[in-house]
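Here are my notes on this one, as numbered points you can check against the model on screen.

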Amino acid sequence: MRLSDYCSDAEWKKIKDFADGKETPFLVVDLEIISQKYDELTTCFPMAKVHYALKANPGAPVIELLRDKGSSFDIASIYELNKVLDAGVDPERISYGNTIKKAAHVKYAYDKGVRLFATDSKADLQNIAEQAPGSKVFVRILVEGGETAEWPLSRKFGCHPDMAIDLLVQAKMNGLVPYGISFHVGSQQKDIAVWDAALSKVKYMFDWMKYEEDVELKMINMGGGFPANYISEVNPIQVYAEEILRYLHDDYGDDLPEIILEPGRSLVGESGVLVSEVVLISRKSRTDLKRWIYTDVGLFQGLIETMGESIKYPIYTEKMEQHPPEGNVVLAGPTCDSTDIMYEHVSYGLPLNLAVGDRLYWMTTGAYTNSYSSVEFNGFPPLKAYYIK
Ligand SMILES: *Cc1c(COP(=O)(O)O)cnc(C)c1O
C-alpha cells in the first residue's frame with residue numbers, strides 16, 4: 001500500500017510524532033479530520049440535517065467537536081443518550097434511532113426531552129405511544145443493499161413498506177406524529193444505486209400516506225452507509241451526493257422533504273490510526289508459503305470488523321519505505337481464541353524483513369474500533385484511544 005493514499009505528509013507527521021514512544025496498542029484519532037469530513041458532508045448535502053451515529057466512535061472529544069459544529073446525534077441506548085446530554089447537547093438535536101428498546105428506556109429518553117423516535121414494529125410503537133406521548137416517529141423500512149455493503153445491516157432492522165404504512169397510520173391513531181421514513185442501505189455501501197431503490201419505496205409511501213391516509217409525511221432519514229477509505233476503491237462522497245440528490249429531485253422536484261443523514265463510518269473512519277506492534281512471526285511448517293504475523297491487537301482489541309474478513313484495513317509499516325520484497329502473510333491477534341485471525345484468505349503482503357517489535361499502523365480505524373473492544377478478554381485491557389487536534 002501507499003501511505004499517501006490514506007494520509008497526507010503533514011497528517012502522518014502529526015500522528016507519528018504523537019505515537020512515537022508510547023506503548024502499543026492504541027488508537028490515535030485526529031479530530032481535525034472529523035471536522036473536515038463534517039464540512040465536506042454538509043457541503044455535499046447542504047439541505048440535510050446530520051445526526052451523527054454515535055456508535056461509530058462515542059469518544060467525548062468527538063461528541064464535543066460535532067456539538068460545536070452544529071451536528072445532531074442519533075443514539076441507540078440511554079447510555080449513549082447520557083453521553084450526548086452530558087456534553088450539553090439539547091435533546092431537540094437527538095434522535096433515538098434504535099428500533100429495539102425497553103419501555104423504561106423510552107420513558108427515560110422522553111423525560112430527558114427526546115421527541116424523535118425510530119420504530120419498525122407494533123410492540124415498539126405501542127411503547128412509544130405509552131411512554132413518549134405526542135412524539136414524532138419515523139418508521140424504518142427494509143431495503144436492499146446487503147450484497148454490496150461490506151458491513152450489511154439489513155434483515156435485523158426495518159419492516160416491509162406495507163407494514164410501515166400500517167404503523168404510520170397506527171401512530172397517528174395513538175396520538176403520535178407520523179413524521180417520516182428511514183432506511184439504512186448497509187454500512188460501507190459501495191453501490192450508490194441502492195439509495196435509488198430505497199428512495200423509490202419511500203416515494204411510494206409518501207404518496208400513499210398523502211392520498212390514501214391524508215397524512216403528510218415530513219421527513220426522510222437516509223441513515224448512514226457512506227464509505228470510508230479502506231483497501232477497496234470507493235467513490236468519493238461528492239459522487240454519492242450528486243446521484244442521491246438527483247434521485248431526490250426526480251421524486252420531489254424542488255420541494256424536498258426534510259432530509260436527515262446518520263453518518264458514522266464516513267465521518268470518523270479516516271480520522272483514526274491504530275498503532276500496533278508485531279509480537280511474533282512464525283511459519284506452520286518448513287514449507288509454509290505464508291508467514292503468520294501475530295500483533296498486539298486483534299478482533300478483541302478493536303478489529304472486530306475484520307470478522308469474515310469484511311472490512312479490509314490498509315496496513316502500513318515504515319519498512320515499506322525501503323521497498324523491500326514482500327510476502328503473503330496471515331494476520332492474527334494476541335488472544336487465545338482461534339477466531340482471533342484478522343486476515344487469512346484475503347491476501348496481505350508485508351515486507352519480508354518485517355521483524356518482531358516493528359510497528360504496524362492500521363489506517364482508517366476511527367470508526368467501529370475502540371467502542372467494539374472487549375473489556376478484559378484474556379486480561380488484555382480495552383483499546384486505549386487518544387484524541388488529538
Ligand atoms: C450504524 C447506524 C448508522 C451509521 O452507519 P454508517 O454506515 O456507519 O454510516 C446510522 N444509522 C443507524 C440507525 C445505524 O444503526
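1. By salt bridge I mean a side-chain nitrogen of Lys or Arg within 4 Å of a carboxyl oxygen of Asp or Glu. D5 is partly exposed at 40% relative accessible area, while R2 is exposed at 54%. For those words, buried is under 20% relative accessible area, exposed is over 50%, and partly exposed is in between (1.4 Å probe, protein chains only).

2. Some housekeeping before you read on. This is a predicted model, where local features need pLDDT of at least 70 and side-chain atom pairs count only at pLDDT 80 or more, whereas totals for chains, interfaces and linings use all residues. Residues are numbered from 1 along each chain as its sequence is written, and side-chain values use heavy atoms, with hydrogens and water left out.

3. How is the chain divided? Its domain assignment gives domain 1 (32-268) and domain 2 (269-388); such bounds come from an automatic or database domain assignment. The centres of the two domains, taken over C-alpha atoms, are 33 Å apart. Domain 1 puts 23 residues into the contact and domain 2 puts in 22 residues, where contact means heavy atoms within 4.5 Å.

4. Now the area. The size of an interface is often given as the accessible area lost when the parts come together. Here about 1,900 Å² is buried between domain 1 and domain 2, and carbon and sulfur atoms give 57% of that. The figure is the accessible area (1.4 Å probe) that two parts lose on being put together, summed over both. On the domain 1 side, have a look at W151, Y230 and I231: they supply 31% of the area that domain 1 buries against domain 2, more than any other three residues.

5. What about polar links across the domains? There are 2 salt bridges between domain 1 and domain 2, and 12 residue pairs in polar contact (both at pLDDT 80 or more). A polar contact is a pair of N or O atoms within 3.5 Å; within protein, one must be able to donate a hydrogen and the other to accept it, and residues adjacent in sequence count only if both atoms are side-chain atoms.

6. Several elements give two or more residues to the side of domain 1 that touches domain 2, among them helix 3 (60-68), strand 7 (149-151) and strand 9 (187-189). Helix 2 gives the most, with 4 residues. Helices (H or I, at least four residues) and strands (E, at least two) are DSSP runs, numbered from the N terminus. By class, this side of domain 1 has 12 nonpolar, 6 polar and 5 charged residues.

7. Another brings R67 and D68 together at 2.9 Å, N to O; R67 is partly exposed at 25% and D68 is exposed at 58%.

8. K190 and E150 also pair up in a salt bridge, at 2.8 Å between the closest N and O atoms. K190 sits in the loop between strand 9 and helix 8 (193-213) and E150 in strand 7, so the pair ties together parts 40 residues apart in sequence. K190 is partly exposed at 34%, whereas E150 is buried at 11%.

9. Do zoom in on T24, in the loop between helix 1 (9-19) and strand 1 (26-30). T24 is buried, at 9% relative accessibility. Its side chain makes a polar contact of 2.5 Å with that of D296. Leaving out residues up to four places away in sequence, T24 touches V275, S276, E277, D296 and R359. The peptide bond from T24 to P25 is cis, with omega near 0°.

10. Last, where does the backbone have a positive phi without a glycine? Q188 has one, of about 55°; this residue is in strand 9 and buried at 0%. E309 has a positive phi of about 55° too. E309 lies in the loop between strand 13 (291-295) and strand 14 (315-316) and is buried at 13%.

Conventions. Nonpolar A, V, L, I, M, F, W, Y, C, P; charged D, E, K, R; others polar.
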